[in-house]
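Biologist: I would like to learn how to read the links between chains in a model. Please start with a single kind of link.

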Amino acid sequence: MKDTIISIKNVTKRFPGIIANDNISLDIQQGEIFALLGENGAGKSVLMSMLFGLYEPDEGDIWIKGQRVKEYSPRQAARMGVGMVHQHFKLVENYTIAQNIVLGMEPITKGLGFLPLVNISESEKTIEAFSKRYQLNVNPRDRIEHVNVATRQKVEILKMLYKEADILIFDEPTAILTPQEIQYLLDIIRELRENGKTIILVSHKLEEIKEVADRCAILNRGRLVDIKEVATTSTREMANLMVGREVMLEVNKPTPTFGQVVLEVENLHVKNQDQITMVKDVSFTIRAGEIFAIAGVSGNGQTEIAEAITGLKKITSGTVRLNQVDITNEPVRQRNLEGIAYIPEDRQTYGLILDDPVSDNLVLKQYFQEPFSSPGGRLNPEAFHHYAERLITAYDIRSNKGADSITRSLSGGNQQKMIIAREIEQDTPLIIFVQPTRGLDVGAIENTWQQILQEQQKGKAILLISLELDEIMALADTIGVIYNGELLKVEAASQLTAMEIGAYMMGVKEDE
Amino acid sequence: EPTAGDEAATEAEADGDALRIAIVTSPSGVDDGSFNQDNYNGILAFMENHSNATVNAIQETTGDVAAAVQAVADVVADYDVIVTPGFQFADISSIAEDNPEKMFILVDANPTPQGEQELFDNIYAMTFAEEESGFFAGVAAALETETGKVAVVNGIAFPSNVNYQWGFESGVMYANHHFGTDAEVVELPSYAGTDVTNANVGGNYIGNFADPATGKVVGDALIDEGVDIMFVAAGGSGMGVFTAAMEAEGVYVIGCDVDQFDDGTYSDGNVVLTSVLKNMSINVERQLNAIMEGTFQGSNELLRADTDSTGFVLENDRHQLSEETMEKLEEVYELVQAGTIVPAANFNGHSPDNFPGL
Amino acid sequence: MNKKNPLVTLLGNEKWQWLSIPIFAVLLSILAGSIVILLMGKNPLTAYLSILQGAGWIPKANYAGGTGMLTDFTSFLDALAPMIFAALAVTVGFRAGLFNIGIAGQMLLAGFFATLFVGYSDLPWYLAKPLVILIAITVGGLAAGFVGYLKHRFNISEVVSTIMLNYMIAYVTSYYIKTYFVNPVSRQSEYIQPAASLTLKNLRIAGIRVDLPIGIFLAILAALFVYYLLYKTRLGFEIKAVGANKQAAEYAGISIGRTIVVAMMISGALAGLAGATFYLGHYASMQPGVLAGLGYNAIATSLLGNNHPLGVLLASALITTLDKGATYMSSRVGVVQEISGVITSLILLFSATGTYIRYRISRQRQEQKEKQEQIHPEGGEEA
Amino acid sequence: MIDRMIIDGLAFALPLFIIALGGIYSERSGIINLALEGLMGFGAFSGALVVVLVLHHFPQLQPQGIYIAMLFAMLGGALFATIHASLCIYFKANQVISGVVINILSVSLTAFLTRQLNTLIFQAPSDRFQLGVANRITLPVLSEIPVLGAAFRNLYPFQFLIILVAIAAYILFNKSRYGMHLRACGDNPHAVAAAGLDVERIRFSAVVISGALAGLGGISFAYSISANFSPMIYMGYGYLAIAALIFGNWEISNTLAAALLFGFARSGGYALARSLEMSSNFNDITMTLPYVLTLILLIFFSKTNRVPRSLGEIYDKGKR
Ligand SMILES: Nc1ncnc2c1ncn2[C@@H]1O[C@H](COP(=O)(O)OP(=O)(O)OP(=O)(O)O)[C@@H](O)[C@H]1O
Ligand SMILES: Nc1ncnc2c1ncn2[C@@H]1O[C@H](COP(=O)(O)OP(=O)(O)OP(=O)(O)O)[C@@H](O)[C@H]1O
Ligand SMILES: [Mg+2]
Ligand SMILES: [Mg+2]
């Protein structure tokens, strides 16, 4: 029998308006891979954050290695051998990879024989060796701001390993990795278990859990639903426990009929603010009624393509045509009016003004037109209100005070509904969806997919950019795979398998 | 409101002869150890003999002329006498007109005429013959210089400052003629002053009364030219000149308006050779006494050495002049008192190289 | 029921927090000021009453010849007008996400040009006064618009460029004032012609001498205008969007550069009006090389007024009352006037913690609610 | 004249630099510091007060006076900075507003206290504390170098101290663990917290250090310009320091260059005025030189400006 290494006893944690963890008790054994499963907002990250000392339980206590933890902090956690890979990366952008990894445990050298100085070169050497050992190859001298998301993920993992933690918490580490990279990570996790580490893995992806975990706990709305032996539990069973009802994510995709070309992108090149070329010679067309999806690992130029089309980012060279009109040099407003709707990836930064009311946000793209403002520039609050109430009802946007609610107080899913409502209502020939279902739970995902398909039915040209292969496979008519700023492959969806796409996403070219 | 005025009157009567005095000052306040302080000391001296008199010190914090007058207007109702040291208060004449029962002692400025009226029954305005003080400084500087180079540093070429400058130059000239000295007055062309008639008056003008940093630059530049005695009449900017003198070796300054000896102390001694004075305190005290005795008369007075209103420091431990120099200063002081010597001033028609008594 | 938290009871109403929290801060600082006054052995009540008397809110015991409460009150209004304008200028900038530290410089420059072109002219009042206003708006607007342009075009922080401009304006105007229109007695610029003045000086109302500031009416109008602009117009919507979330505004098709420049110009125009009412109203003359402290105090005043135009009116009135009443308090109570400066800064200091108070209240209310929820779990679920 | 330009330029640039360096500490930790002006003034006030008190009782300590003053100016500046730190870090106040308020408070408080203390303690009414001057030092050998030798002539004691403190501050900032944590706080405080470090404590100490450095700069100005402390010390040099550090892109070495530029532009302006022999009226025009120059240079250098990522953001542990 193995020893209990972590014991969570009757832990409750509240946030304004929500009980994130409700009287949870569970034990984790030394040397096992313990999975934590649950919908968005079920309270997984919060529970893990308490294990790591970022939050304090409102009630109940946590025992680690037989000790009850008091005045617990990340520093304390590190001392007790607990490490965590955070779902939302916590990296210092203008530091190098090495600096990020050693932060808080920097090796010291004696400058002039007495000054305790940080020994950067030693850290770099250590990290280099270290990353080789775990085959997580990174260049310790690269600055975080210059590396892609997958590398950042590796840095988070290395950070934890470097601190010689023996209890390792992975909070959704696979969300942004390609299938191949996921496999690789799971191998590492297994290897770590061989080395005697205890691992807690948080994930939505049932297959992964099935593959590596020994036991798994299921959370629902902050409550512990059950703890299962993975080996004897089917994924279907886990899914039902997680959502609390029968789920069947199935899309009825009607056969599309394509019309005229709506969007034409030709030889597009885009540089980022550091003058690094992020998009290289990208060309594609989208027809009316077509869903064109761009698949790829995050950070390979997808955002830049979307922003180049919408006018948010300056194009280095190339042309963009909308309905045969060259819009390459038009300002954002003009492009919107001529027919581009855009659901951005980062909804909190780009899509919404969080401190403004829902009504203001719903008219964000139309406030300057009648009836929202008069030709003289006077706003018409009644029109704002009216319009907002209509969308709130039509799109089932839930909030505490309707159109007057402050947007920040809405849940992530409802914020996303607001954006989709606003953009779809523009009734434009082209709609760009970037990561439309990120952070949504199963029900909301179903709903959003339906909406996308409806728009397709109406004859809209749709550009879908997503990191989720499932989503792309379910919706796309045509798939383009992007790697390192280049479209490596453009092909009808029916001609591609997920594994093939995964290979292109890793940069494997056809002839290899 | 007539009733309020009546109340004030009865209040004043109830207190008998208790004189309610206010002193309203510019931003530096009555305890600035300098100009305002000297006026305040006059009031305090008066109060030693009239123990039931009261004084309140009120300070205007912006230094703007309109604000200064507003401050007086805010409090005038509660007092019998208002002492206002400083040019900022010239406009109190409008308040004086409205409050004939209140008395005003205005220092260093004449009241602003109201229409044709230049004199006011209830304002005693005192100004000082700065050129006389400057003259004493010039004589002292010429007698004491080792390098044979002296200079005068001023703020802006307003008449009072030009008076000091020309008075000083007159003094140096006088000493060169009568006491066999050979002192040169150094002027930096880049700091020449332009007076209110737009005439170039030479001298060394900092261009500001509240910029010690530039003051120091000017002081340093003069020291670089070999000057070892500087007469400083430049308000707050003057502290920079003092600092320059302290940092240099063997350089002295002559203070003005009040005894500035304390401003000159530093680790190796004191840079204040002497200070030339406007004796405000005795004149304030005189006027307060006149009010008590009922002999107070409004007038605009230009005060001179003949009433001991201009002069220089006499206390032996407050200056560093040789006995010989002191004797010579006493000598010229009498001539100035008698009107034999009339140093040049901005608008008295004389010039530093041609004035009565030279 | 579980016991209520006094803070929540007192200040919990979110609808009134824009008013209740600053008032709470003010009360705290008045309390702190009282302690300082007590330490000096004086009576705080008398001190505060005499501040109100000095600013003309309540009658004094005695008035000097030809003056009355109205004299003090109009004089207070005269000083209030530039403060309102300046604080509004801060507010508009702030709402666009810009810190206009250059109010003092823009005031000075606007006042300077208005003085130069109109102040000494022989124009009749009906031309001179509107012209003063027009010049002030134009000059202030251009000066600040330039800052906005530098920010947009060259990415120069407005904090730095306004500081640089403040110095440059102070020195250059100082040169012109000293060289061309200084009064040798007052050592500042010659008084302007009454026709150009935005304050009607030395009027007699029922035998009482008053200075009637036109500026105060303009200032109240300006507050209403800013309110209208920010909450009722397209431009205001854009300004607030840019200030609240620049990326989202850009995404929505709002031109960031244009909005920044326009917001700065409006802010500068208001600062210009502050300058006009300050230099061609309240003072009628300019001190060479001196930047008005008001330009900096306005930043904190705007915050005290919660960056809302109507809040700004109240906050300006409060700060100006303290300032105006200080002389009389000093005279009546016999404490140095600087005390009032200390109290003012205490008020501003406490008001800076307004966000924190708000945060504590929402936290405590939450805790209360949760405690109740535990008693009635079903009821809480729906809430 | 060139000598004078170099000597005066350095004497002005170094205090300005050390104030700006204080600003860097605060801002690189994520706290906007517009309070430098007030911190500088309060520091100078504290140093001057203590030295005047000490010399009142032990006049023989006169030669050590300036060192005592510098020490206590740093302490006073640090103490006053705790207000800014508390407001910004614990009370979550808007950092710009807090800075402006602290400046207002500093001016009124020091003016008030100087007057009261002079009357109460020394029975000598005055609105300033008389400091006297520091003896200036010329380095042998180095000062003999033609032209540039001026940089080693007539140095104030505070210039040596500033250089020493600046070197120490540079090492602490760029090479030590603490400095590494501090700079990380300005970029992503959440990463710092996750590394087991106390963000609030690091930021608090950074603001306190910035107060100490500003205080040192303040007392240096008090000594080198007017040899006393009076409210005239509030001449906007704190704001100028902010401009220097933004100009210097929040980097210590670039900020030194910016401060030197200010210093030499200023002394160069005076030299120019003298050589042109224009009348004193034109001084005001030449005084604008450093500011005009800065603005022009900013046009060329601002594009690449890198504001610390979390600067001005209120750090909330719970925020995601
Ligand atoms: N700092 C916070 N402040 C307020 N509410 C919070 C905070 N952190 C988490 N919550 C809330 O607590 C609940 C649980 O969040 P948590 O992040 O643990 O979800 P999760 O299970 O990790 O979801 P996901 O799969 O999306 O990561 C959510 O409703 C969330 O909004
Ligand atoms: N930053 C915040 N400020 C205020 N309230 C918040 C904040 N974040 C979350 N909440 C509260 O927490 C609740 C849950 O938020 P969260 O985004 O986790 O919802 P969710 O359970 O994931 O819902 P959805 O499925 O719609 O995303 C919200 O309804 C809101 O009341
Ligand atoms: Mg999570
Ligand atoms: Mg969610």
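Modeller: A polar contact is a pair of N or O atoms within 3.5 Å; within protein, one must be able to donate a hydrogen and the other to accept it, and residues adjacent in sequence count only if both atoms are side-chain atoms. This is a predicted model, in which local features need pLDDT of at least 70 and side-chain atom pairs count only at pLDDT 80 or more, while totals for chains, interfaces and linings use all residues. Residues are numbered from 1 along each chain as its sequence is written, chains are lettered from A and ligands numbered from 1 in the order in which they are written, and side-chain values use heavy atoms, with hydrogens and water left out.

Biologist: How many residues of chain A are in contact with chain D, and what area do the two chains bury?

Modeller: Contact means heavy atoms within 4.5 Å, and 25 residues of chain A are in contact with 24 residues of chain D. Buried area is the accessible area (1.4 Å probe) that two parts lose on being put together, summed over both. Chain A and chain D bury about 2100 Å², with 57% of it on carbon and sulfur atoms. Lys90(A), Tyr95(A) and Leu103(A) supply 22% of the area that chain A buries against chain D, more than any other three residues.

Biologist: What are the values for chain D and chain B?

Modeller: Here 35 residues of chain D are in contact with 40 residues of chain B. The buried area is about 3000 Å², of which carbon and sulfur atoms give 48%. In chain D, the residues that lose the most area to chain B are Arg115(D), Val133(D) and Arg274(D), together 20% of what that side buries. There are 11 residue pairs in polar contact between chain D and chain B (both at pLDDT 80 or more). Helices of chain D that each supply at least two residues to this side include H1 (2-28), H4 (95-122) and H8 (199-226). The side of chain D that touches chain B divides into 13 nonpolar, 13 polar and 9 charged residues.

Biologist: Where are the salt bridges, and how many are there?

Modeller: A salt bridge is a side-chain nitrogen of Lys or Arg within 4 Å of a carboxyl oxygen of Asp or Glu. The whole structure has 56 of them over all chains. Between chain D and chain B there are 4, one of them pairing Arg128(D) with Asp263(B) at 3.1 Å between the closest N and O atoms. Across the interface of chain A and chain D there are 3, including Arg306(D) with Glu145(A) at 3.6 Å.

Biologist: Which residue of chain C forms a salt bridge with Asp284(D)?

Modeller: The partner is Lys178(C), with the closest N and O atoms 3.0 Å apart. Lys178(C) lies in helix H7 (residues 158-180) of chain C and Asp284(D) in helix H11 (residues 283-287) of chain D, so the pair joins two chains. Asp284(D) also makes a side-chain polar contact of 2.7 Å with Ser174(C). Not counting residues up to four places away in sequence, Asp284(D) touches Tyr171(C), Ser174(C), Tyr175(C) and Lys178(C).

Biologist: Is Asp284(D) buried or exposed?

Modeller: Buried means under 20% relative accessible area, exposed over 50%, partly exposed in between (1.4 Å probe, protein chains only). Asp284(D) has a relative accessible area of 6%, so Asp284(D) is buried. Lys178(C) is buried too.

Biologist: Which salt bridge lies within chain B, and what does the pair link?

Modeller: One of them is Asp257(B) with Lys278(B), the closest N and O atoms being 3.8 Å apart. This pair links distant parts of the chain, 21 residues apart: Asp257(B) is in strand E12 (residues 252-257) and Lys278(B) in strand E15 (residues 272-278) of chain B. Asp257(B) is buried at 16%, and Lys278(B) is buried at 3%.

Biologist: Which salt bridge in chain A has Glu455(A) in it?

Modeller: Glu455(A) and Lys458(A) meet in a salt bridge of 2.9 Å, N to O. Glu455(A) is buried at 2% relative accessibility, whereas Lys458(A) is exposed at 54%.

Definitions and conventions: Helices (H or I, at least four residues) and strands (E, at least two) are DSSP runs, numbered from the N terminus. Ala, Val, Leu, Ile, Met, Phe, Trp, Tyr, Cys and Pro count as nonpolar, Asp, Glu, Lys and Arg as charged, and the others, Gly among them, as polar.
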